[in-house]
Amino acid sequence: MRVALFVTCVNDAVFPSTGVATVRLLERLGVEVDFPSAQTCCGQPQFNTGYRRETAPLVRRTVRAFEGYEHVVVPSGSCAAMVRHHYPSFGPRAAALGPRVRELTEFLVDVLGVTDVGAYFPHAVTYHPSCHGLRLLGLGDRPRRLLEAVRGLELRELPGAEECCGFGGTFAVKNPDVSAAMGADKVAHAVETGAGVLCGADNSCLLHVGGTASRLKAPLRTVHLAEVLASTEEEPWR
Amino acid sequence: MSGTFLGMPSFPRAAREAVRDERLRRNLRHATHTIRDKRARAVAELDDWAELREAGKRIKDRTLRHLDTYLLELEERVTAAGGTVHWAEDAAEANRIVTGLVRATGEREVVKVKSMATQEIELNEALEEAGIRAYETDLAELIVQLGEDRPSHILVPAIHRNRTEIRDIFRAEMGRWGRPAPDGLTDEPAELAEAARLHLREKFLRARVGISGANFMVAETGTLVVVESEGNGRMCLTLPETLISVVGIEKVVPTWRDLEVFLQTLPRSSTAERMNPYTSTWTGTADGDGPDAFHLVLLDNGRTRALADETGRQALRCIRCSACLNVCPVYERAGGHAYGSVYPGPIGAVLTPQLRGTTSEIDASLPYASSLCGACYEVCPVAIDIPEVLVRLREEVAGRGGKGHRLEKAAMKAAGWVLDHPGALAAGERIAGAAGRLLPERLPGPGARQWTDHRDLPDLPAEPFRDWWRKNRP
Ligand code: SF4
């Protein structure tokens, strides 16, 4: 099977390791990965901040970049949600991309039909289900099923897991005090579990939570789910 | 809406104070989490919740589509049943009508059922100017009124107060307006409730004019409906000689059958009860039973403007259950007062800018008072897609330019250009990566400081993903 990787702009520029992990994971599962280089950003930051006009060219670019691929895999719940939920308002061509885009855990569980991806990650981990994956995509227990099958991994329940971490795109800078208070609570809950690793499927949330944890000097590091799943005994991630 | 709230600072500035108020944070956290969990249990009991939610949404949408028809039908039925209907285009007109009606009775005081519409038009203040004292009889409204405070929650207006604060307010203030608090009043909930009961009973027995809102108005019979928990509403609706109800035009439903849906979804969503303790319904006047005179003031105050907005009009489906407030992480930390309106929380962030417009500083900031997490939409019993309306209102605010938004627009445009030119993007990423850490620990300039004041930045990678790809998958 051949898929296009939509790495997302945040992963491209700030978290390339997540993109590399996604490639490594998919190839290990026998999937052929393409990276259409015309891709940039799905336009979510512009759209959610009220700049619809400025969003349109990015939508057109994204649609063109991925036309012709039956499966587009995105290691980000919120970018997948942007394409699936908001692209239809940009016309039929944009709408057609929606059903072909799959967030990484959807692709693994629904399309490949696997939950045990042969990963090894010997750490205590707690999982934060980011809002857009949780509520807009309805990822449900897919991430959990994938994590539970990882050898060596001890999954700890995150209290208040479904509560937003406070990132929210430009919300983080437009309402910095409330955002920071939400982030600090998320960090406190994660630390409470005793797990040293907070795992998530959206690096923008992890950027905020990880940055908050670092500022608060909390014993917590954030790791994208793709990196946990890419890790094996032979090639441990980090 | 009228003036008290305008001139409020923008949401982020008002919220900053609230976030730092430890006691407020504790009170709100405790209260919202308690109601939130109870609601979840009450809703989970019904296996047809999703259908009820969809039905409520459709009933409201259909009614809003034919609002003119149903309002005229309602007017006809209310009039036929002995009531008088008044139409008020805005708050000032509604206040003028109500003040005139009370004056005509010769009374100088009225008792009030908890009502958002009268809060919205600031009726109590208007009455006071006319020399008429309005007594709030809902326990939480009483606490707010005695404390000369503002409501901070739709259902529990005094949610920001804990019981010790309430005891202190009762002790200090009750005597000024009537029966003082009993000697040695403690902060036991039962004692506080008894003190309120004794204080309010005097008012109920003396009052000759009652003022209410309504949760629903049934067009087919001209019947008004108030649902409540304390029984104070029943007192105000039945004991006085004159009853005046101020109700937003969106509260009409076509038939009694439609009520079936909302009388299930409202109590479970708001107080987490299967059924609310008191449901009062009345149709015009009846000889020897209840008030002799009934006036219905139908309030627009921005609602037809909201109705004209295809995306925004869904906010008019709201049945004021406040479930969205109780699950909102922003409301929980910012508190109700930061929203600068009687409608706080997620619904306030979409309703207030539609009713008042987005020109004042506070109103223009409300659409941004959300991380778009969607928890509100998930619990809303009439399925209002609040994030969708927020984004639509952001378009309105951003499109106008104005303070802060011109710079932002330029930044968005610049980012858009870079992102539309992968070559430029890659070059930018490489320069940033080569610098190792793109940015110093604390960034200068607007936006950046708001990030780095609270969070560290990660080390930037040596190369962007697209370079890795080119090298490793040629
Ligand atoms: S918006 Fe929905 S959840 Fe919020 S108060 Fe209105 S009906 Fe209730």
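Me: Where does the charged end of A:Lys174 sit?

Reply: In this predicted model, the charged end of A:Lys174 lies over the ring of B:Tyr368, 4.4 Å from the ring centre. A second case is found within chain B, where the charged end of B:Arg133 sits over the ring of B:Trp177 at 3.3 Å from its centre.

Me: B:Tyr368 draws attention to its surroundings. Which residues are in contact with B:Arg394, leaving aside its neighbours within four places in sequence?

Reply: B:Arg394 contacts B:Tyr368 together with B:Pro367, B:Ser370, B:Leu372 and B:Gly399, and from chain A it touches A:Asn48, A:Thr49 and A:Gly50. B:Arg394 belongs to helix α19 (residues 386-399) of chain B. With a relative accessible area of 3%, B:Arg394 is buried.

Me: Is B:Arg317 buried or exposed, and with which residue does it form a salt bridge?

Reply: B:Arg317 forms its salt bridge with B:Asp61, and the closest N and O atoms are 3.0 Å apart. These residues are 256 apart: B:Arg317 is in the loop between α13 (303-308) and α14 (323-327) of chain B, whereas B:Asp61 is in helix α3 (residues 49-65) of chain B. B:Arg317 counts as buried because its relative accessibility, 4%, falls under the 20% limit. B:Asp61, in contrast, is partly exposed at 24%.

Me: Which residues are linked in a network of salt bridges?

Reply: The network takes in A:Glu163 and A:Asp185 from chain A, with B:Arg25, B:Arg29, B:Arg36, B:Glu332 and B:Arg333 from chain B.

Me: How does one read an aromatic pair, and how many are counted over all chains?

Reply: One reads the distance between ring centres and the angle between ring planes. The count is 11 aromatic pairs over all chains. B:Trp282 and B:Phe294 form an edge-to-face pair, 6.0 Å from centre to centre with 85° between the planes. Their elements are strand β9 (residues 278-283) for B:Trp282 and strand β10 (residues 293-299) for B:Phe294, both of chain B, and the two residues are 12 apart. B:Trp282 is buried at 11% relative accessible area, as is B:Phe294 at 2%.

Me: What kind of aromatic pair do B:Phe465 and B:Trp469 form?

Reply: Their pair is tilted, with 6.2 Å between the centres and 40° between the planes. Both lie in helix α23 (residues 465-472) of chain B; because they are four residues apart, about one helical turn separates them. B:Phe465 is buried with 0% relative accessible area, and B:Trp469 is buried with 12%. Ring pairs also join these two residues with A:Phe35 and B:Trp468 in a cluster.

Me: How is chain B divided into domains?

Reply: Chain B has domain 1 (11-303), domain 2 (321-399) and domain 3 (406-472). The centres of domain 1 and domain 3 of chain B, taken over C-alpha atoms, are separated by 51 Å.

Technical notes:
Residues are numbered from 1 along each chain as its sequence is written. Chains are lettered from A and ligands numbered from 1 in the order in which they are written. This is a predicted model: local features need pLDDT of at least 70, side-chain atom pairs count only at pLDDT 80 or more; totals for chains, interfaces and linings use all residues. Side-chain values use heavy atoms; hydrogens and water are left out. A salt bridge is a side-chain nitrogen of Lys or Arg within 4 Å of a carboxyl oxygen of Asp or Glu. Buried means under 20% relative accessible area, exposed over 50%, partly exposed in between (1.4 Å probe, protein chains only). Domain bounds come from an automatic or database domain assignment. Contact means heavy atoms within 4.5 Å. Rings of Phe, Tyr and Trp (its six-membered ring) pair if their centres lie within 6.5 Å; planes under 30 degrees apart count as stacked, over 60 as edge-to-face and the rest as tilted. A charge sits over a ring if NZ of Lys or CZ of Arg is within 6 Å of the ring centre and within 35 degrees of the ring normal.
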